[in-house]
Amino acid sequence: MNKFLKKINILVCLIAFIQISMNAQNEVDALRFSELDWQGTARFMGAGRAFGAVGAEFSALNVNPAAIGLYKKSEVTFSPVTISIYKNMSTYNGNPVPAQAIKYNLNSAGIVLAVPGVSSTLWKKIQIGFGYNRIKNFNNTFSIEGRGSTIGYEYAHAAEGLDYRDIDNVKIWSDEMYYAYEYWLISPKEGSFSSYYPTMKGLDILQSSSVTQTGGIDEMIFSLGTNYDDKLFLGATIGVPFINFTENRTYMDTNDNREYENYHFIKFKMNEKLSVRSTGINLKLGIIYQPVDFLRVGVAFHTPTYYGNVKDIFDRELHFEKWEYVDTLFHKGTSSYNLIDGGNEFKYSLTTPLRVMANVAFFIAQRAFISAEYEFADYSMANMFSVDYNFTEKNKAIKNKYGACHIARIGAELNVSQVFAIRVGYNYISSPYKNEINDGSKHYASAGFGFRTNHFYSDFAYAFTISKEKYWMYDPLFVNEVNNQFITHRIMLTMGVRF
């Protein structure tokens, strides 16, 4: 019985190790798919995304649906070009490594129909809107390199309790742990059959990693609004967000010091690919009130988004390489092995936190506006569920690691002439982490301009985003943090027709 319980404990330990290395279906995913980064038309982006009380702007329908109530004419809008330039820096053990990339995507497209309201009443207009906006952009890349520890510490921890005399027993030794032992990533401690240490313990080896993320969350919206006496504007939006996320990650330990050849270990490389697809649904309600001509105030409420079928596909390839003696004269050769684990599919449900926001806008002589808004979300309210897996510990981790996030946005627009306008904006997004375990705060600044006639318009915008965040290449118990700085330059074009 004791031997049976020992085997069960070993398998549990191995399963936990595999889940750590995958970094999937856990609290990281809950935050990744709960955080939003509102995007859309060039006008919306150029004026700091602060259109909740300004209204009559298609991308604002995702933020405060009452914005649709300000439309007096019907409109078709399309944002065909969004260019994102990423210039990032990752510093590990004092060694900074830059990374950059350029990505293109479509940010927004939609139509709003403004039809007459109920005759002989003060309900002046009814508006119907349909289209989509990108509400989160996952595109990013960073590279890490430095000298220091080894992932062998994590493998040695996971192998604790495995008796290497049973190494051919596949019920106890997984393929991954077998090759970690055979290729000298780990070695047994002296005088022990079931306790291990990393073979390259205490030695200065080269560690490197690269991460490339692509995709986004694009939200299809169906909006309905109305206008009462040009004072009260009401709106509702049904949102159907689509998650499309892919992450390719590599990690490598390299023994590049010839003085260390007698340790047998040469290289360990891990390639991982995670693809996530899902469709969700939510409801947004909004109201805008204009007590006087120069002032509008608004509030909006977003229900949690429910993703009922989050589908993860995970592929993993491990490469082991070592020196070995090839004859009795102790000539050395190399031996390598690739272990492929592909097509792992996992399904679960995710509920993201609700959101509330308040908006205000001041208008100056019908030629300019200054707007501000506040948004609140508590990421500890995210929840994961599956009939095939117990997410209790993951949901506890969500509540322990994440907390309230406060977002402030300000924006301004000035009509320099009847057809030309300029815009500026700024956002601050606070960290979603509790107890300063990480940073994650963001700063966003933007500027733009546009040309508008009675029937046609074109807008241009530039946005700059900077953030800092700690990252760990594997279990934080066994490796130092990487300090990431992410900088994004974004250029946008929007065209539209009014009728």
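Modeller: Let's start with Ser 431, which touches Ala 404, Asn 438, Asp 439, Gly 440 and Ser 441, leaving out residues up to four places away in sequence. A contact here means heavy atoms within 4.5 Å. This is a predicted model: local features need pLDDT of at least 70, side-chain atom pairs count only at pLDDT 80 or more, and totals for chains, interfaces and linings use all residues. Residues are numbered from 1 along each chain as its sequence is written, and side-chain values use heavy atoms, with hydrogens and water left out.

Colleague: Thanks! Is Ser 431 buried or exposed?

Modeller: Buried means under 20% relative accessible area, exposed over 50%, and partly exposed in between (1.4 Å probe, protein chains only). Ser 431 has a relative accessible area of 17%, so it is buried.

Colleague: What is the place of Ser 431, and which backbone nitrogen lies 3.2 Å from a polar atom of its side chain?

Modeller: Helices (H or I, at least four residues) and strands (E, at least two) are DSSP runs, numbered from the N terminus. Ser 431 sits in the loop between β18 (420-429) and β19 (442-452). A polar contact is a pair of N or O atoms within 3.5 Å; within protein, one must be able to donate a hydrogen and the other to accept it, and residues adjacent in sequence count only if both atoms are side-chain atoms. The nitrogen you ask about belongs to the backbone of Tyr 433.

Colleague: Now to another serine. Where is the place of Ser 386?

Modeller: Ser 386 is in the loop between β16 (383-385) and α6 (392-401). Its relative accessibility is 9%, so Ser 386 counts as buried. Apart from neighbours within four places in sequence, Ser 386 is in contact with Lys 347, Tyr 348 and Phe 391. The side chain of Ser 386 reaches the backbone oxygen of Lys 347 at 3.4 Å, and one of its polar atoms lies 3.1 Å from the backbone nitrogen of Asp 388.

Colleague: How do I read a nonpolar core, and which residues have the most contacts inside the largest?

Modeller: In soluble globular proteins, nonpolar side chains tend to be buried together. A nonpolar core is a set of buried Ala, Val, Leu, Ile, Met, Phe, Trp, Tyr and Cys residues joined through side-chain atoms within 4.5 Å. The largest has 51 residues, and Phe 33 and Leu 350 have the most contacts inside it. A second, separate core of 39 residues includes Tyr 155, Leu 203, Val 211 and Val 479.

Colleague: What volume has the second largest pocket?

Modeller: That pocket has about 1200 Å³. Its lining has 39 residues, including Arg 43 and Phe 363.

Notes: On a 1 Å grid over the protein atoms alone, a cavity is a set of points where a 1.4 Å probe fits but cannot get out, and a pocket is an open set with protein on both sides within 12 Å along at least five of seven lines; lining residues have an atom within 4 Å of a point. Grid points are joined across faces, edges and corners, and a volume is the space filled by probe spheres set on the points.
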